[in-house]
Amino acid sequence: MAIKFQLKDYKADTHPDWCPGCGDFGILNAIQSSLFELELDPNNVTIFSGIGCSGKSNHYLETYGIHTLHGRVLPFATGAKLANPHLAVIVVGGDGDGLGIGAGHFVAAGRRNLDLLYVFYDNEVYGLTKGQAAPTLALGDRPKSLPRPNVQGKVNPLLEAFAAGFTFIARGYAYNIKELKALIQEGYNHPGLAFIDVLQPCPTYNNLHTKEWFGPRVYSLAEDGYDPLIPADLGEEALSQKVGDFVGKATEWGEKIPTGIFWRHLSPTFEERVAAYTPGYPEVAPATRELVPGGKVAELMEEFAL
Amino acid sequence: MNKLTWRVGGAQGSGVDTAANLFARTAAKGGWWVFSRREYYSNIMGRHSYLDVALDDQPLNTFYDQVDLLVAFDDETLPRHLGQVKPGGAVLYDPRFEKIKLAKAGFLDRRIQADLAARLELEDPGIGDVLAAYREEKILTLPYDFETVCDRAGEKLGLEPAKARRAVNTAAVAASLWLLRYPSEALLEVLAERFRNRDVQVLNQAVVNEVYSQDSPPFSQELAPIGSSDGRIYLSGAQSAALGKIAGGLGFQTYYPISPATDESVFLEAHADKSGSVVIQTEDEIAAITMAIGAALTGARSATATSGPGFSLMAEGIGWAGMNETPVVVTVYQRGGPSTGLPTRTEQGDLQFALHAGHGDFPKMVLASADVEACFFDAAQALNWAEEYQLPVIHLIDKYIANSSRTYLPFDQSGLEIRRGEVRPADPERSLAPAPRFVNSESGISPRIPLGTPGGIHWLTGNEHDAYGHVTEDPVVRVERYEKRMRKLDTALERIPIYERYNYWSDPSSAAAAVVVGWGSVKGAVLAAQEELKNFSYLQIRLLWPFSPEIEGILTDKRVIVIEHNYRGQLADLIAQETGIRAHTRILKYNGRPISAGEAKTALSQALGKEPPARLVLYGGV
């Protein structure tokens, strides 16, 4: 008989201290609902966060929450997932955390294609430290928190994810919870590394790209007939076409901003690669294997016998 | 005779390591105790490296300044090692080197060239002049044509010189052993074990036989087998540490390649099928430490291995582990610093950094291995302490030990334990109620809750936190949490027995008025000196932090001499900080070369004599 969890089971006792109107509330809502709809046992769910406003998310959910270091959420989560592949692992972090200080780990994660979901809170600023420019803020943009226009260019998170090797690439919007929930669940179920760039208005510091600004601009790729799926046996020419479509949509910005799934394909996950040379993995995993003092050392010592 | 040191020098990539291995194993099979050490450049091919293989009829834990027999694989070896061979010893070299001018000899440093030119009083000296200098020191210079010997052996097998000369290292080892009148059988046995390919074996055998077909080795020293290998093993510090981690139940290791730490991780990776550990090469050291911590949170025994520059990057991660009471072992292979420093040379310059790595105060343990065998037991112990006291343990291993190899009787693993500390059991009801991971306690230790434990939901954060792990800035809770964490170090001192924290060799024949204090790799040389001088006691500190309060009592009212491989005397500073006792003499070495038995003896004699200096710097080694 399956244990039935209730929506409220996933909500922690702590009171979110985000600013009123923050897009983070929408993301939190979508994550909580998704955990419920996926019927995940909170005892087995681990939510890893970086540092920033986004970093507080897991304190508001009643599952294992690991609030890590700025820019380092991916390696923390990777270690946990590899050591115990049976855990449900969800990673959340901000844009500065993920593509500023964390950019190296972002790329490395893509190279591995570990089976986990990364929810990226994209608001173009470093909120908690009072609104400095984040890697997703365009050159010349000047939200009210900046004394002068931004002197650095912006990265494109979707293209970065693609270049690094993420196998599920999506964009959501904090105020379209229905769509965001669906993306979170699809991303969670995707066997491989899933990335969701969530447009998350920051009402306190970002007066350029607000709820009112995004509202009329966002549109659904699925409703537009876009197909993100890359079948395994796709020929080179067709693949090339698909890549072109992807780039076209990933770089679309301004009057029209697409949301939904942009790219989805299957590739051996990191767990599968590790299993190929680690006997018993993942059924026998570092977290749960039985430890015997000495282990197989006696056998290994034979190599050093004279 | 009961002691002999053989040294082989040559360009990296030319088989110097292989030759030393063959010589060491051949002697070891004849019952000799072996201690070998390796010096090499941060370079793949071409620059100078050399190995000493020291033999003794007793277990040997140190090395000597001067060697009995030097074999030069290249011209550069000869000028570099002038003064390193004992009078009465010999040097074997290819006669083709004699015509080479020093200015053209390999990668010989300008400083060495200049020094030699001054010493020889020649403007443009050559290898021939250097050889004459050896002879002036009463050393036999023996030209030996290794290549021609290989050619002759190869010819008899129908092999071309290019192929035959692949056995030139074997020729050098064989020539050395022949010179010492050591029976060839043992070398042939070692070759059969090391080279599985039939053709290679046949060639090597032929070369050995060709060497031994000559009569009358022109050398007065002899080496004979004194027994058998008797079940002994031969391994390096890095291998010993890796095996110790496996013995201690290591489940997860991360690493980023860095000299001289990489060997340990590569060994673990290569043997992952036997060890059961998952080994991951990360994108940088920050990922290495944070990934290891992530794994540790799930209940896996987790570690990483690095050296100074990588360790610098790990400081923030280590702080998170300390704040979150997470077990993790960081093995730091100490090399010359600061910055990129001397990537392949030994030093003990990271003690103070290890003590303070990571801003703020948080509990961590620091231990240092004294020799190759200690690496094994210390590595296993570190994993236990990390879990029992729920903190990062920094395990310091000097490069000198990592790259030294020794014969040992098989390690006695009967006392090995796996102690997991306090762990919250799974709740069969799978309650969704959060659990107080950081609940206060007298010992400071609260049960660990691996991620995914039913009934154990909690939070972990680098922020100050309440018992459930939620962020807090409350001044009252803050103090309670801080004191709880730090209390664990007091608990550790109460529970860890003295003999696991330090070892003391008192010398009853002296008035025990002088105590020499050391840590890490100095132990072998100092104990050898103690055997001869017999006028000091020796304190080797294994657990550097938390610091044993008993040490103050040992040092009070004594003449205190601290010996270590760093510029300031980092252990001496620690002792002063913790006990108020300032060392009378600091014996220091920071030229990247280890302290030999002879060097320790001379320095300690000076430090224990009349008018000892406050600071005595050692310069031995090439």
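This report walks through a few residues and helices of a predicted model.

## Ground rules

The model is predicted, so local features need pLDDT of at least 70 and side-chain atom pairs count only at pLDDT 80 or more, while totals for chains, interfaces and linings use all residues. Residues are numbered from 1 along each chain as its sequence is written, chains are lettered from A and ligands numbered from 1 in the order in which they are written, and side-chain values use heavy atoms, with hydrogens and water left out.

## Asn204(B) and its helix

Let's start with Asn204(B), which sits in helix H9 (residues 198-212) of chain B. Helices here are DSSP runs of H or I with at least four residues, strands are runs of E with at least two, and both are numbered from the N terminus. Asn204(B) counts as buried because its relative accessibility is 4%; buried means under 20% relative accessible area, exposed over 50%, and partly exposed in between, using a 1.4 Å probe and protein chains only.

The side chain of Asn204(B) has a polar contact of 2.4 Å with the side chain of Thr170(B), and it also reaches the backbone oxygen of Val200(B) at 2.8 Å. A polar contact is a pair of N or O atoms within 3.5 Å; within protein, one must be able to donate a hydrogen and the other to accept it, and residues adjacent in sequence count only if both atoms are side-chain atoms. Leaving out residues up to four places away in sequence, Asn204(B) touches Ala167(B), Thr170(B), Leu191(B) and Phe195(B), where contact means heavy atoms within 4.5 Å.

## H7(B) against H9(B)

Two packed helices are described by the angle between their axes and the distance between the axes. For helix H7 (residues 168-179) of chain B and H9(B), the axes come within 9 Å and cross at roughly 35 degrees. On the H7(B) side the contact involves Thr170(B), Ala171(B), Ala174(B), Ala175(B), Leu177(B) and Trp178(B), and on the H9(B) side Asn204(B), Val207(B), Val208(B), Val211(B) and Tyr212(B). Axes are lines fitted to C-alpha atoms, for helices over the stretch in contact, and angles run from 0 to 180 degrees between N-to-C directions.

## Helix H1(B)

Helix H1 (residues 16-29) of chain B has 14 residues and spans 20 Å from its first C-alpha to its last, close to the 20 Å expected at 1.5 Å a residue. That expected span is 1.5 Å times one less than the number of residues. H1(B) is largely enclosed by the rest of the structure, because 11 of its 14 residues are buried. Among the buried ones are Phe23(B), Arg25(B) and Lys29(B). Just after H1(B), Gly31(B) takes a positive phi of about 90 degrees.

Ile575(B) belongs to helix H23 (residues 570-579) of chain B and is buried, at a relative accessible area of 1%. Beyond residues up to four places away in sequence, Ile575(B) touches residues including Val517(B), Phe547(B) and Leu555(B).

Over in chain A, Ser49(A) is in strand S1 (residues 45-49). Ser49(A) is buried, at 0% relative accessible area, and its side chain makes a polar contact of 3.0 Å with the side chain of Asn58(A).

## A loop proline

Pro257(B) is in the loop between strand S8 (252-255) and helix H11 (262-270) of chain B. Pro257(B) counts as partly exposed, at 35% relative accessibility. Not counting residues up to four places away in sequence, Pro257(B) touches Thr262(B) and Gln281(B).
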